[in-house]
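I open the notebook on this chain.

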Amino acid sequence: MSRSRLPRILSKLVLAAALCSPAVALADIVIEDAWARATPPGARTGAIYLTLSNDGAVDALVGAATEAADRAELHTHVHENGMMAMRQVEAFDLPAGGMAQLKPHGDHVMLFGLRGPLVAGESLSLTLEFHTHEPMTLDVPIRDARSP
């Protein structure tokens, strides 16, 4: 290989490595309209809803955590034998330039082992985990499900 071709090949390799690095591949994710459904005293489960917009590269929501519950899982509703059922899923895809809506009777974050009731007017801290994006922590307002 000639010396004149080596710099071009090296520059292409550096560019390819940069494009594959997590710092470049991070998506620009925006979280909107987050809310948790208020629960009655003694309830052991709860749900959180939100909208994720992705202005960057393809990504996925892969997990969630909160101190308000023992565990948080990603769930969806499916029709099964003429009935609705909830199922845990591994991830919610976030296409480039797309969005994911977590809403009642659809995709949502399910909370198990609530450490106390979710009281309308209060809030809880939620950390969302993504395939490539850094984790994001937000305060989620708790509201009565009948509220707009």
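**Salt bridges**

I looked up arginine 71 and found a salt bridge to glutamate 73, with the closest N and O atoms 2.8 Å apart. My rule for a salt bridge is a side-chain nitrogen of Lys or Arg within 4 Å of a carboxyl oxygen of Asp or Glu. The model is predicted, so I note its limits: local features need pLDDT of at least 70, side-chain atom pairs count only at pLDDT 80 or more, and totals for chains, interfaces and linings use all residues. Residues are numbered from 1 along each chain as its sequence is written, and side-chain values use heavy atoms, with hydrogens and water left out.

I then checked the cover on both partners. I call a residue buried under 20% relative accessible area, exposed over 50%, and partly exposed in between (1.4 Å probe, protein chains only). Glutamate 73 is buried at 13% relative accessibility. Arginine 71 is partly exposed at 45%.

How many salt bridges does the rule give? The count is two. The other one I noted joins the side chains of aspartate 70 and arginine 115, at 3.2 Å from N to O. This pair links distant parts of the chain, 45 residues apart. Aspartate 70 sits in strand β4 (residues 69-80), and arginine 115 in the loop between β8 (108-114) and β9 (123-130). Arginine 115 is exposed, at 54% relative accessibility.

**Fold**

I took helices (H or I, at least four residues) and strands (E, at least two) as DSSP runs, numbered from the N terminus. The protein chain has two helices and 10 strands. In order from the N terminus, the elements read α-α-β-β-β-β-β-β-β-β-β-β.

I asked how far apart in sequence the contacts reach. Contact here means heavy atoms within 4.5 Å. Among contacts between residues at least 6 apart in sequence, 67% join residues at least 24 apart.

**Strand β2**

Next I followed strand β2 (residues 45-54). Nine of its 10 residues are buried, so the strand is mostly covered by the under-20% cut-off.

Which strands pair with β2? I counted two strands as paired if DSSP finds at least two bridges between them. Strand β1 (residues 29-37) runs antiparallel to β2, and six bridges join them. Glutamate 32 stands opposite threonine 51 in β2. β8 is also antiparallel to β2, with four bridges. There, alanine 47 has methionine 110 of β8 as its bridge partner. Strand β7 (residues 99-102) pairs with β2 in the antiparallel sense as well, over four bridges. Leucine 50 has leucine 102 in β7 as its bridge partner.

**Aromatic pair**

I searched the whole structure for aromatic pairs and got one. It is formed by tryptophan 35 and tyrosine 49, with 4.8 Å from centre to centre and 45° between the planes, which makes it tilted. My rule pairs rings of Phe, Tyr and Trp (its six-membered ring) if their centres lie within 6.5 Å; planes under 30 degrees apart count as stacked, over 60 as edge-to-face and the rest as tilted. Tryptophan 35 lies in strand β1 and tyrosine 49 in strand β2, so the pair ties together parts 14 residues apart in sequence. Tryptophan 35 is buried at 9% relative accessibility. Tyrosine 49 is buried too, at 5%.

**Core and surface**

I looked for the largest nonpolar core and found 28 residues in it. Such a core is a set of buried Ala, Val, Leu, Ile, Met, Phe, Trp, Tyr and Cys residues joined through side-chain atoms within 4.5 Å. Ile48, Leu111, Leu124 and Leu128 have the most contacts inside it.

I listed the contacts of leucine 128, leaving aside neighbours within four places in sequence. They include Ile31, Leu50, Leu52, Leu61 and Pro135.

Over the whole chain, buried residues make up 36% of the 148 residues. The chain exposes about 9,000 Å², and carbon and sulfur atoms supply 56% of that area. The areas come from the Shrake-Rupley method with a 1.4 Å probe; for residues, only the protein chains shown count as cover.

**Backbone**

Last, I checked for positive phi outside glycine. Aspartate 33 has phi near 50°. This residue, aspartate 33, lies in strand β1 and is exposed, with a relative accessible area of 61%. Histidine 105 has phi near 65°. I placed histidine 105 in the loop between β7 and β8. Histidine 105 is exposed at 68% relative accessibility.
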